[in-house]
Amino acid sequence: MSFRRGVVRQSKFRHVFAQACKAEHCLDDVRVSRVTWDGPLCAANLKFIAVIIESGGGGAFLVLPLTKTGRVDQNIPTVCGHAAPVLDVQWCPHDDHVIASASEDCTVKIWQIPDGGLITPMSEAIVTLEGHSKRVGILAWHPSALNILLTAGCDNVLCLWDVGTGDLVYQLSDAHPDLIYSVSWNREGNVLCTTCKDKALRVIDPRRGTVLKVREKAHEGTRPMRAVFLADGKILTTGFSRMSERQLALWDTRDLSEPMVTQEMDTSNGVLLPFYDPDINMVYLCGKGDCTIRYFEVTDESPYVHFLSLYSSKEPQRGAGFLSKRGVDVNKCEIARFYKLHERKVEPISMTVPRKSDLFQGDLYPDTAGLEPALLAENWIAGQDALPLLVSLSGGYTVPPSKCGTLRGRPKQLSQTDTSPGSTAGPENPVIIQMEREGSSYECGGRDIDGGEERIKKEEDQLSDILAEVQGLRTLVLAQGQRIDVLERQIARNEDGEA
């Protein structure tokens with residue numbers, strides 16, 4: 001199947017658009033690593049961004065607060081404990097302050113980043129994992145079990161570690177005859193898929209140490225392949241055809257004899273790195289050396305992988321970091337954010353869904369994996385499995401001010417009366433609620449406010465009127481949002497030739 005837009009299809013993600021942030025929100029003077037390794041070179045979570053950088057006499061990476069912008073001082077502290085270049089970094093999904101790094105020095109190190117970021121250079125890791133005989137280039141944390149980390153090296157060996165104890169709990173040394181290109185856990189974390197230089201796609205049970213399924217020549221080209229497990233158990237791969245065309249393919253793990261769909265894209269030679277959002281089933285493809293990011297929606301209807309759009313810029317990307325879903329701005333209907341690596345700059349790129357309603361868009365934000373692990377390491381090692389524990393993103397949503405001008409703000413302060421000894425609050429020192437309305441301030445208090453009880457009653461009536469009006473506006477916005485959805489569906493049907 002050739003890569004094309006196809007017939008217009010009804011989807012809430014049809015109009016997702018990507019936009020680079022303004023220059024003042026970028027990180028400048030970041031000496032991104034020039035290491036010859038086809039990895040993302042960057043990782044981001046709710047609090048920090050980590051970028052592998054050039055370093056003399058060893059390997060290092062930057063860790064900066066996500067709020068950091070502007071020029072990065074060349075003397076800024078780094079994580080610099082490796083004896084050779086760093087090839088991969090990955091944040092722990094169960095602790096926003098813990099990060100793993102893999103290096104050409106054949107070791108994997110675990111680091112604890114302090115609140116606010118680094119103040120001094122960090123050279124002592126909390127755990128060092130030594131089990132590979134050649135350089136280590138792939139890291140993959142278990143999605144639901146605490147402290148389980150998978151590593152893959154150029155010795156063709158997969159190692160599974162309990163980083164809480166530093167123990168090597170499983171080692172698969174015979175599953176791959178050649179260099180491992182990628183590793184991906186499934187949603188439960190009981191099997192994983194790998195791609196290898198021998199062009200084979202494998203499904204492996206790491207605890208039993210057995211290869212469950214193999215698909216030889218998943219992509220016939222000689223360039224590196226990548227694979228990622230989807231939420232429903234299917235596998236999406238990227239690779240190259242015999243004619244060196246870049247491809248993506250979707251596989252049903254029940255039968256790997258033929259792909260469900262294959263799409264050819266272009267003839268560029270950059271390896272396509274897939275980034276997957278299991279909450280909304282979207283896949284983003286970033287090609288190293290490309291100037292574009294393509295994004296797709298995976299569904300159960302043919303042709304299964306639906307091209308949505310692409311982001312294009314003038315500068316090629318050296319790598320890219322994919323922000324943890326808990327870090328997106330739900331108030332702006334942001335569904336994903338990338339950190340594009342230039343030669344000396346890190347540029348945030350935001351993916352948003354245009355919505356006119358100011359309400360929390362629950363359909364865009366299903367519950368996502370939270371910090372709390374579903375299993376302890378010993379439980380998983382003993383054979384237990386569990387899906388990640390989910391949390392709602394609605395807690396990160398703040399109701400914006402009304403656009404109608406009647407109410408320009410929410411309550412600035414709402415303190416409960418404190419009756420503890422020494423407290424200044426009480427009947428003679430009342431709670432104060434301040435609300436901005438048309439540039440003026442209302443204060444509701446007790447007997448010590450000028451004007452006495454009559455003024456209090458008047459202001460309470462005014463406050464009640466304001467709150468009633470806010471409720472009415474919210475109801476109106478909700479109704480209009482529903483009407484907009486109906487009209488958008490009608491427009492989609494007209495475009496599809498159904499109306």
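User: Which residue is the bridge partner of Arg-226 in β21?

Analyst: In this predicted model, where local features need pLDDT of at least 70, side-chain atom pairs count only at pLDDT 80 or more and totals for chains, interfaces and linings use all residues, Thr-238 of β21 is the bridge partner of Arg-226. Residues are numbered from 1 along each chain as its sequence is written, and side-chain values use heavy atoms, with hydrogens and water left out.

User: Why are β20 and β21 called paired?

Analyst: Pairing requires that DSSP find at least two bridges between two strands. Four bridges join β20 to β21 (residues 235–240), so the two strands pair. They run antiparallel. A strand here is a DSSP run of E with at least two residues, numbered from the N terminus.

User: What makes β20 and β23 edge strands?

Analyst: The open sheet of four strands has the order β20-β21-β22-β23, with antiparallel pairing. β20 (226–229) and β23 (261–264) each have a single partner strand, so one side of each lacks a neighbour in the sheet. Neighbouring strands here are turned by 15° against each other on average, direction ignored; axes are lines fitted to C-alpha atoms, and angles run from 0 to 180 degrees between N-to-C directions.
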